[in-house]
Amino acid sequence: MGVTAGESSAQEAMLDVRVWHGAEHGEFRHYQVPRRDSQTVLDVVTYIQRHLDPALSYRFACRVGMCGSCAMTVNGVARWTCRSHVDQVTADGRLEIAPLAHLPVVRDLVTDMRPFFDKWARAKGRFQGATTRSDPVARVPPDTPERRAVDAAIECIGCGVCYAACDVVGWRPEYLGPAALNRAWTLVNDVRDVSRLERLRAVAAEGGCLSCHSHTSCSERCPKKIAPTAGISGLKRACARAALGGEL
Amino acid sequence: MTPARRDALLWLAQRWSAAVLALCLAVHLAVIIYAVRGGLTAAEILGRTRGNAPLAVFYGLFVVAVSIHAPLGLRAILSEWTLWRGRSQAWAMAALAVLLFGLGLRAVWAVVQ
Ligand code: SF4
Ligand code: SF4
Ligand code: FES
């Protein structure tokens, strides 16, 4: 209080924001957005849509890092925007916000996630059990190596950040990518699952885990601190063992 | 053989050939550095290599590892950077393997015969 409207707007710090408009072809548009405390990149995008450009398209749902729908390219780096604070991503108040890389752009900041999830299906990312709901619940001891491997990889929210960060996805469009392979790894280690061999065949085929360069961009970028690189190395070893044993 | 098994075995072949190459290269470089202390002539080299069976075996192994490793690496690079895939690419890489093997063995033969 005690500060007039004129003074406050004169002192108000502003962010210089460039936002992608269009689909594959388009342009960056420029906006000035007031700087706030604890402001997230998603807050910035929402401000633009509510106050400056109602036609701007973007996607989010939970705002708390659970749904995986808000990922975008922020200053050249793939991030979940709802939990990326502005002060973590820019030092000079400039932001460039673009759609996630390696996916078709539907419009503005919205990408078509179908190729990403189609690859989960190709990697046999669906659990296949042998029991029914009337059987007793399986007991999986928490300290077995398999269960630990699952624990380390299971919290994926399907945000696509790792997929956008992986160079091999850009070079080989058929490459399954870190998230689908990470999912396959959790199932290969699920002692209740019965389609292990089929899954190993799917991930050893061309464009599967053997194409990974282990350069760890995915692990570096994953907001859930998952290390898909480690899971993919595990898949490579499992595939090699199965190939030597004549099972593949 | 399923394509998945073939690809997994080729991947293993590339890993193992890389391990052999790393070892061979280390020995190769160490021997060169040791041997050239105080200069070396072609005649001196040939004097040591002619009829040297262990040397022939060592470099023979080196050549085998190169002939396996290089075409597999090139295959991966081609698949990433060009649109050339499939059967014709596989045959070309097989031809490269034979070529490297032939040229390599010829070179080994030239110094040990
Ligand atoms: S480690 Fe593998 S999956 Fe991860 S970014 Fe590198 S190539 Fe992609
Ligand atoms: S592994 Fe991490 S970065 Fe990749 S989709 Fe899952 S949560 Fe997102
Ligand atoms: S909005 Fe749900 S993770 Fe960001």
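Predicted model: local features only at pLDDT ≥ 70, side-chain atom pairs only at ≥ 80, totals over all residues.
Colleague: How do you know which residues of domain 1 and domain 2 of chain A belong to the contact?

Modeller: Heavy atoms have to lie within 4.5 Å. On that rule the contact takes 14 residues from domain 1 of chain A and 15 residues from domain 2 of chain A.

Colleague: How much area is buried between the two domains of chain A, and what share do carbon and sulfur atoms give?

Modeller: About 1,100 Å² is buried between domain 1 and domain 2 of chain A, with 72% of this from carbon and sulfur atoms. On the domain 1 side, strand β4 (residues 77-80) of chain A gives the most, with 4 residues. By class, that side of domain 1 of chain A has 10 nonpolar, 3 polar and 1 charged residues.

Colleague: How many salt bridges and polar contacts are there between domain 1 and domain 2 of chain A?

Modeller: The salt bridge count between these domains of chain A is 0. For polar contact, the rule finds 2 residue pairs, both residues at pLDDT 80 or more.

Colleague: Turning to the two chains, how many residues of chain A and chain B are in contact?

Modeller: Chain A has 17 residues in contact with 14 residues of chain B. The buried area between chain A and chain B is about 1,400 Å², and carbon and sulfur atoms give 61% of it. In chain A, the residues that lose the most area to chain B are A:Trp171, A:Arg172 and A:Leu210, together 33% of what that side buries.

Colleague: Why is the pair B:Arg85 and A:Glu174 called a salt bridge?

Modeller: The term requires a side-chain nitrogen of Lys or Arg within 4 Å of a carboxyl oxygen of Asp or Glu. The closest N and O atoms of B:Arg85 and A:Glu174 are 3.0 Å apart, so the pair qualifies. Across the interface of chain A and chain B the rule finds 1 salt bridge. Residue pairs in polar contact between chain A and chain B number 4.

Colleague: Which element supplies the largest share of the side of chain A that touches chain B?

Modeller: That is α11(A), with 5 residues. Both α9 (196-204) and α11 (228-244) of chain A supply at least two residues of this side. Sorted by class, the side of chain A that touches chain B has 9 nonpolar, 3 polar and 5 charged residues.

Colleague: What does chain B consist of, in helices and strands?

Modeller: Chain B has 4 helices and 0 strands, running α-α-α-α from the N terminus.

Colleague: How does the radius of gyration of chain B stand against that of a compact globule?

Modeller: For 113 residues, a compact globule would have a radius of gyration near 13 Å, whereas chain B has 17 Å. The C-alpha trace of chain B spans about 50 × 25 × 20 Å along its principal axes.

Key
Residues numbered from 1 in each chain as written. Chains lettered and ligands numbered in written order. Heavy atoms only, no water. Buried area = accessible area lost by both parts, 1.4 Å probe. Polar contact = N/O pair within 3.5 Å; in protein donor to acceptor, adjacent residues only side chain to side chain. Nonpolar A, V, L, I, M, F, W, Y, C, P; charged D, E, K, R; others polar. Rg over C-alpha atoms; globule rule 2.2 N^0.38 Å.
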